[in-house]
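User: Please take a close look at the surroundings of the ligand. After that, walk me through a few other spots in the chains.

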Amino acid sequence: MYSVVLTELGISVFNDGKLDKAFSFSNPVKEYLLVKNKESKLNELVNYLASTQRGFSVSDESLLAILKKYSIDCHLMEESELDEIQTNKPQIIVDSGFASNLQDTLGKLREFALGLSSSKVTEVSESPDLHIIQAINSLDEIDKIANGLSSRLREWYGLHFPELDNIIDSINGYAQIVLAGKRESLTKQIFEEAGFPESKVEMLSLISSKSRGGDISDINLSIVQSIAKQVLDFHELRKKLEEHVEAEMQEIAPNTSAILGTAVGARILGRAGSLKKMASLPASTIQVLGAEKALFRSLKTGSQPPKHGLLFQHAMVHAAPRWQRGKIARAVAAKAVIAARVDVYGEGLNQTLLEKLNIRVDEIGKKYENPTEKDMRPPPSFRREGGFGDKPRRREGGDRRREGGDRRREGGDRRREGGDRRREGGDRRREGGDRRREGGFRDNPRRDRREGGFRDNPRRDSGDRREGGFRDNPRRDSGDRREGGFRDNPRRDSGRNDERTDSNKKRKKFGRR
Amino acid sequence: MALEIIQEEIVEGMMKEQIQIKREKSLEDDNQSFFWIKSEGQKKLATENMVPGNQVYKEKLIIKKNIEYRLWDPFRSKLAAAIMNDLEYFPFENKSTVLYLGASTGTTVSHISDIVGSNGIVFAVEHASRVARDFLDRVATFRKNIVAILQDARKPKEYFSVFGKVDVVYVDIAQPDQTQIAMDNCEMYLKKGGYFFLVIKTRSIDVTKAPKRIVEEEIERLKPRFEVLQTIDLHPYDKDHAMVIAKFNH
Ligand SMILES: C[S@@+](CC[C@H](N)C(=O)[O-])C[C@H]1O[C@@H](n2cnc3c(N)ncnc32)[C@H](O)[C@@H]1O
């Protein structure tokens with residue numbers, strides 16, 4: 001009875017339990033993996049077995065497959081034999097001469113395990129989807145920092161030239177003016193170079209001569225200018241990240257990008273943890289990713305489940321009338337999972353997915369063109385603050401509601417910060433359950449973008465907006481950074497425009513705070 | 001550099017505190033396993049540091065009579081929490097072999113490694129590569145009795161480098177189907193009569209059900225093959241967590 005046994009340190013051939021021949025691995029991790037991936041050639045072993053001309057029982061399926069390729073007569077061992085090998089492995093290793101004694105075996109196996117685990121960690125660290133996730137998170141992080149810094153810049157330089165704040169919406173343009181120096185030294189040329197339209201240049205020149213601002217010392221000015229420089233640098237970096245995410249998403253996840261857009265796609269990818277994980281999620285999970293808080297509450301209390309989390313940022317979803325959004329989010333999520341699966345298998349772009357989605361969304365638009373009576377009911381004011389689903393919630397007491405606004409805003413931030421940590425380990429994320437609850441609501445993408453404003457202000461059509469990127473005055477339009485979004489898909493922008501007016505109305509109605 | 005600083009702190013701390021060490025005997029025999037150390041006026045859990053000077057999760061190190069101990073934080077490790085909550089069975093001892101599923105960054109694994117010592121083995125399975133990175137860097141690289149297995153516990157057949165049967169299987173993977181996964185692993189790797197520790201995180205099984213019911217249901221599943229010895233609520237160290245200790249009858 002000949003048997004061929006694969007161990008971590010080499011392959012041994014036994015004849016009736018006695019060692020016949022041993023082929024040790026010189027680089028165990030590499031060679032073992034080659035066998036497992038059925039990529040080994042195993043010339044020596046094959047030649048030896050071929051010359052022995054016997055039937056062999058083999059301890060490992062991959063090894064079996066390789067040997068079969070070379071038409072060696074072999075079969076897989078019985079369960080009981082495999083069990084025995086499992087149990088006696090250290091002894092087998094010693095008998096094969098792969099290690100000198102049992103202690104040595106343990107040491108070598110441990111080394112092997114460490115090397116194998118390390119190589120897996122290294123391999124995973126190289127996967128492009130993890131890099132995309134880092135990029136999109138950096139982008140969101142930069143927005144947060146730059147928004148804060150931009151407000152500060154306006155406040156500080158505003159002591160010197162308060163009128164500027166109301167005229168220049170674009171933080172990019174504002175920072176460029178600050179870099180030019182004191183009010184007195186601002187010339188028409190500077191305004192022109194900063195890219196302002198003529199009408200604005202006129203206004204600026206007029207106003208800078210009549211400013212009510214105070215003087216600013218050189219040392220203060222130079223610090224303010226450094227801040228302005230930072231803001232501009234962030235703008236550059238942001239642009240780079242945006243382009244990078246876009247390009248990488250098109251490359252590694254073209255279908256997901258087609259369905260979700262590169263930015264929303266990347267954010268959902270980030271929530272899922274990896275493209276593979278995203279592909280294995282149920283569509284219903286994708287639909288509410290980013291609305292975990294509302295989801296858990298609905299599971300516990302039986303209240304309405306959220307209709308969309310991050311997907312709220314999707315152009316098709318937020319451009320739609322309120323009562324259609326849940327349905328569209330579901331359609332988008334369903335296609336997104338399929339898209340992610342196609343992407344995992346690297347099949348390239350499949351146009352029909354997007355076409356089908358468009359058809360479906362049109363259908364929804366027609367079928368639910370008018371809201372039902374239920375849809376028409378005005379949402380409770382609580383929702384205006386928190387805004388995560390379309391129906392009034394049970395069990396939302398008045399108190400909670402009042403507190404809600406602030407807590408929620410805070411929670412949003414914390415979520416961002418926590419983002420990485422959570423992803424680090426499935427467990428930590430789960431354990432975060434309680435903590436999350438303290439953190440407040442975390443479901444509405446708008447929520448945490450409130451302070452936001454590192455993007456263009458869609459409302460104000462100042463000339464410099466087209467330069468893209470930075471948004472104007474963060475203080476001014478706290479509410480709707482979401483529209484600023486990424487310009488991933490020009491087609492979608494039309495949708496966005498509708499949404500802009502829509503949400504502006506909303507903001508006016510509900511007030512800013 | 002960091003190491004030096006840490007050691008200074010220990011020496012300082014040692015002189016300031018009256019440290020008492022009481023040997024805690026394991027139930028099976030006279031092997032020492034974990035210790036109670038008086039620190040800051042409180043009785044605290046500790047293990048003897050197998051790799052002196054090495055901290056795993058910023059836990060406090062205390063030197064007494066030239067032996068270094070690592071405090072074992074029940075808020076960070078569920079096994080420690082179980083001990084605090086009157087765990088009656090402690091089969092982890094010198095020379096034990098343990099299969100540990102859900103090693104994470106290695107907090108608990110490191111203490112078990114301290115306990116089983118250089119003649120014991122901990123096969124530590126973890127599949128998330130981000131936490132595994134920390135686990136390798138902080139724990140597995142320094143401890144000669146840990147065999148790191150970066151694989152999915154759902155496929156016990158494919159683990160590399162596990163051999164023989166182990167004395168204890170410890171499972172903390174927070175998966176909805178963890179009981180099944182755990183039982184499959186026991187089937188393959190646990191000795192007859194071996195011990196089985198299962199951490200049940202009720203919220204990751206079903207958020208809608210009452211925690212108590214979930215624990216009961218999970219225990220029910222174990223019954224055909226295991227004798228359930230003790231169930232411990234890990235409150236206040238962990239919310240909605242229970243530890244079930246069972247013996248494998250097979
Ligand atoms: C709650 S943590 C464990 C904490 C750890 N036992 C301690 O006390 O330090 C759960 C771990 O199990 C891991 N895990 C979850 N499912 C797994 C699976 N199928 N295979 C291997 N590890 C898994 C997670 O990645 C996570 O790191």
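Analyst: Start with the elements. α23 (426-431) of chain A and α3 (107-116) of chain B each supply at least two residues of the shell around the ligand. Helices here are DSSP runs of H or I with at least four residues, strands are runs of E with at least two, and both are numbered from the N terminus.

A word on the basis. This is a predicted model, where local features need pLDDT of at least 70, side-chain atom pairs count only at pLDDT 80 or more, and totals for chains, interfaces and linings use all residues. Residues are numbered from 1 along each chain as its sequence is written, chains are lettered from A and ligands numbered from 1 in the order in which they are written, and side-chain values use heavy atoms, with hydrogens and water left out.

Now the shell itself. The residues around the ligand number 19, and B:Y100, B:T108, B:E126, B:D152 and B:Q175 come nearest. A residue is near a molecule if one of its heavy atoms lies within 4 Å of it. Residues from chains A and B surround the ligand, so the site is shared between chains.

What kinds of residue make up the shell around the ligand? Five are nonpolar, seven polar and seven charged. In this count, Ala, Val, Leu, Ile, Met, Phe, Trp, Tyr, Cys and Pro are nonpolar, Asp, Glu, Lys and Arg are charged, and the others, Gly among them, are polar.

Next, look at single atoms. A polar side-chain atom of B:T108 lies 2.6 Å from an oxygen atom of the ligand. B:D172 has a polar side-chain atom 3.0 Å from a nitrogen atom of the ligand. With B:G102, a backbone N or O atom lies 3.1 Å from a ligand nitrogen atom. How much of the ligand does the protein cover? On its own, the ligand has 600 Å² of accessible area, and the protein covers 96% of that. Accessible areas come from the Shrake-Rupley method with a 1.4 Å probe; for residues, only the protein chains shown count as cover.

Move to chain A. Its secondary structure comes to 26 helices and five strands. Of its 513 residues, 53% count as buried. Buried means under 20% relative accessible area, exposed means over 50%, and partly exposed is in between (1.4 Å probe, protein chains only). The accessible surface of chain A is about 23900 Å², and carbon and sulfur atoms hold 49% of it.

Take one helix there. In α1 (residues 28-36) of chain A, A:V29, A:Y32 and A:V35 are buried. Seen down the axis of α1(A), the buried residues fall within an arc of 130 degrees, so they line one face of the helix. The arc is that of the directions from the helix axis to the C-beta atoms. These buried residues pack against β1 (2-7), β2 (10-15), α3 (61-69) and α5 (102-125) of chain A. Contact means heavy atoms within 4.5 Å. After α1(A) comes A:K38, with a positive phi near 60 degrees.

Finish with the loops. A:D16 sits between β2 and β3 (18-24) of chain A. Its phi is near 50 degrees, a positive value in a residue other than glycine. A:D16 counts as exposed, at 60% relative accessibility. In chain B, B:E40 lies in the loop between β2 (32-39) and β3 (42-48). The phi of B:E40 is also positive, near 50 degrees. B:E40 is exposed, with a relative accessible area of 55%. B:P236 lies in the loop between β11 (226-233) and β12 (241-248) of chain B. The peptide bond from B:H235 to B:P236 is cis, with omega near 5 degrees.

Key. A polar contact is a pair of N or O atoms within 3.5 Å; within protein, one must be able to donate a hydrogen and the other to accept it, and residues adjacent in sequence count only if both atoms are side-chain atoms.
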